[in-house]
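Here's a quick briefing to read alongside the structure. Take a look at the fold first, then go through the points below.

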Amino acid sequence: MNKQENKILRSVVRSYSRNRMPVYARMPFVVISSIGMIVLLVAVKRLLVAGEINIYVTFSILLFSGVAIGFVSIVRASYKCQPFIKPYLDLSAIEQKLSDADKRE
């Protein structure tokens, strides 16, 4: 087994053995961070219109905000589909393969 396969299989076992969603993907955090994001965007728009900040700083803030929103959305979606996918995964077989690979090394 190559290094990349080993890393991916360990990630699958780790993520499917967890039952709780990460804190940053739970609903209260998402609501609070969404309100904070809206306040940030309104403040950035006002500062841009007033000429207080550069357009590049504005684009950087908007880019970071979009990446953060996208990351949390992907994590939430992956945790929502886990109960449907988990019965089709044979985690014991994956763990066995990983332990066999560890013994060979």
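What you have here is a predicted model, and the protein in it has four helices and zero strands. Reading from the N terminus, the elements go α-α-α-α.

**Overall shape**
- The C-alpha trace stretches over about 65 × 30 × 15 Å along its principal axes.
- The radius of gyration of the protein comes out at 21 Å, whereas a compact globule of 105 residues would sit near 13 Å.
- Even so, of the contacts with a separation of 6 or more, 78% are between residues 24 or more positions apart.

- The protein exposes about 8100 Å², and 67% of that comes from carbon and sulfur atoms.

**Charge**
- There are 15 positive side chains and 7 negative ones.
- The centres of those two sets lie 11 Å apart.

**A closer look at glutamate 52**
- Where is glutamate 52 found? It's in the loop that links helix H2 (27–50) to helix H3 (55–85).
- Is glutamate 52 buried or exposed? Its relative accessibility is 58%, so it counts as exposed, the cut-off for that being over 50%.

Conventions: Residues numbered from 1 in each chain as written. Predicted model: local features only at pLDDT ≥ 70, side-chain atom pairs only at ≥ 80, totals over all residues. Heavy atoms only, no water. Helix = DSSP H or I, 4+ residues; strand = E, 2+ residues; numbered from the N terminus. Rg over C-alpha atoms; globule rule 2.2 N^0.38 Å. Contact = heavy atoms within 4.5 Å. Areas by Shrake-Rupley, 256 points an atom, 1.4 Å probe, with all protein chains shown as cover. Lys, Arg positive; Asp, Glu negative; His and termini not counted. Charge placed at Lys NZ, Arg CZ, Asp CG, Glu CD. Buried < 20%, exposed > 50% of the residue type's maximum accessible area, 1.4 Å probe, protein only.
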